[in-house]
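Welcome! Here is a set of exercises to work through with the structure beside you. Try each task before reading its solution.

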Amino acid sequence: MNENSEDKKVALVVGAQGVIGKNLVEYLATLPDWEVIGLSRRGGESFVKVRFIAVDLLNADDTRQKLGTLTGVTHIFYAAYQERPSWNELVAPNVAMLVNVVDAVEPVASNLQHISLMQGYKVYGAHLGPFKTPARETDAGHMPPEFNVDQQQFLEARQQGKAWTWSAIRPSVVGGFALGNPMNLALVIAVYASISRELGLPLRFPGKPGAYDKLLEMTDAGLLAHATLWAATGENTANQAFNINNGDLFRWSEMWPKIARYFELEVAPLLPMSLNVMMADKAPLWNSMMAKYGLRHTYDEVSSWAFGDFVFSWDYDMFADGSKSRRHGFHEYVDTEAMFMQIFDDLRKRKVIP
């Protein structure tokens with residue numbers, strides 16, 4: 001590729017090994033006019049058009065040293081996340097990482113065009129309890145702390161008088177392939193179902209009774225990658241937020257039996273339980289399944305039970321209005337049932353589950 005080409009676009013994907021960042025990296029790598037730099041704490045194996053950098057984004061000096069030479073970056077796609085025990089504790093590290101990235105890259109990237117911020121329905125207070133649905137981008141804010149809001153306010157203030165623009169992307173629960181990720185619902189279900197089958201048990205819904213028949217939605221990781229790029233390069237999308245979802249709604253009461261059928265399991269009446277507690281002793285069983293079925297990933301790599309408990313506790317509707325993105329020109333959609341089955345097929349093909 002011609003280094004001096006005015007059409008050359010260089011994406012800096014921050015959080016490149018998560019379910020969102022990984023799928024965005026893979027999508028951008030298929031496009032002829034993009035080069036990709038992926039950032040994560042553990043780096044990654046570089047391939048054609050994609051190189052990875054291991055960096056501690058909480059360390060401003062390390063971030064500046066590793067990113068201060070990336071003069072060709074034209075687009076920053078920020079999808080990094082640091083887990084903490086409480087909502088209040090999430091703010092400082094997650095805001096600091098974004099600030100450190102922008103502080104390191106913006107001064108040296110003379111052709112910086114856009115910064116994309118990955119958010120979610122926490123902006124609407126969805127994690128706190130029943131909230132207004134469908135949530136819209138124009139909805140009033142809620143009582144802080146909320147790092148998603150603080151991150152957006154930082155970009156809004158930083159962008160004043162600058163040539164680059166920003167966008168905020170708000171997906172629902174994201175479905176896609178990634179390992180070692182704390183927020184991967186499809187993997188939670190697949191491993192839970194596989195262990196249930198190995199133990200000769202039916203597939204019981206483990207969440208709150210009230211969660212079984214509430215309306216919710218998901219966002220396919222591939223769809224999200226397409227929408228993120230659309231918002232970052234569109235002519236009428238600058239300096240705005242967009243809800244991005246598959247476009248359909250479902251209830252666990254309808255989806256759960258279909259998932260059970262995929263795994264050739266019966267469905268028994270739901271039984272509320274903490275997966276984080278009940279699955280804590282299953283590593284030896286998983287080790288035996290690895291040997292029996294030739295699985296390639298350890299129990300630590302496939303476990304994200306706390307997130308499953310979080311999602312299955314939503315005994316209230318969880319969905320947002322995605323019509324703004326359609327009004328602005330993004331018309332892709334994904335059937336959620338088909339998405340689940342495709343992810344399960346992919347996990348089997350990769351020998352993540354039997």
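**Exercise 1.** Does Glu146 count as buried or exposed?

*Solution.* Before starting, note that this is a predicted model, in which local features need pLDDT of at least 70 and side-chain atom pairs count only at pLDDT 80 or more, while totals for chains, interfaces and linings use all residues. Residues are numbered from 1 along each chain as its sequence is written, and side-chain values use heavy atoms, with hydrogens and water left out.

Step 1: recall the cut-offs: buried means under 20% relative accessible area, exposed means over 50%, and partly exposed lies in between, with a 1.4 Å probe and protein chains only.
Step 2: apply them. Glu146 has 4% relative accessibility, so it counts as buried.
Step 3: Glu146 sits in the loop between strand 5 and helix 4; helices (H or I, at least four residues) and strands (E, at least two) are DSSP runs, numbered from the N terminus.
Step 4: look around it. Apart from residues up to four places away in sequence, Glu146 touches Val91, Lys122 and His127, where a contact means heavy atoms within 4.5 Å. The C-alpha atoms of Glu146 and Leu90 are 7.9 Å apart, although 56 residues separate the two in sequence.

**Exercise 2.** Describe the overall build of the protein.

*Solution.* Step 1: take the elements. The protein has 13 helices and 9 strands.
Step 1: Along the principal axes, the C-alpha atoms fill a box of roughly 60 × 45 × 35 Å.
Step 2: Of the 354 residues, 55% are buried.
Step 3: turn to contacts. Among those with a separation of 6 or more, 79% are between residues 24 or more positions apart.

**Exercise 3.** Which residues touch the most other members of the largest nonpolar core?

*Solution.* Step 1: define the core. It is a set of buried Ala, Val, Leu, Ile, Met, Phe, Trp, Tyr and Cys residues joined through side-chain atoms within 4.5 Å.
Step 1: read off the members. The largest core has 59 residues, and Trp252, Trp286, Phe340 and Phe344 touch the most others in it.
Step 2: trace the elements. Those that give two or more residues include helix 5 (185-198), helix 7 (252-262) and helix 13 (336-349). Helix 5 gives the most, with 10 residues.
Step 3: compare with the other core. A second, separate core of 30 residues includes Val55, Leu70, Leu117 and Ala241.
Step 4: zoom in on Trp252. This residue lies in helix 7 and is buried at 1% relative accessibility. Leaving aside neighbours within four places in sequence, its contacts include Leu185, Ile189, Phe312 and Phe340.

**Exercise 4.** Is Glu264 buried or exposed, and where is it found?

*Solution.* Step 1: Glu264 has a relative accessible area of 60%, so it is exposed.
Step 1: Glu264 is found in the loop between helix 7 and helix 8 (275-278).
Step 2: consider the backbone. Most residues other than glycine have a negative phi. Glu264, not a glycine, has a positive phi of about 55°.
Step 3: now look at Lys351, in the segment after helix 13. Its phi is positive as well, near 60°. Lys351 is partly exposed, with a relative accessible area of 34%.
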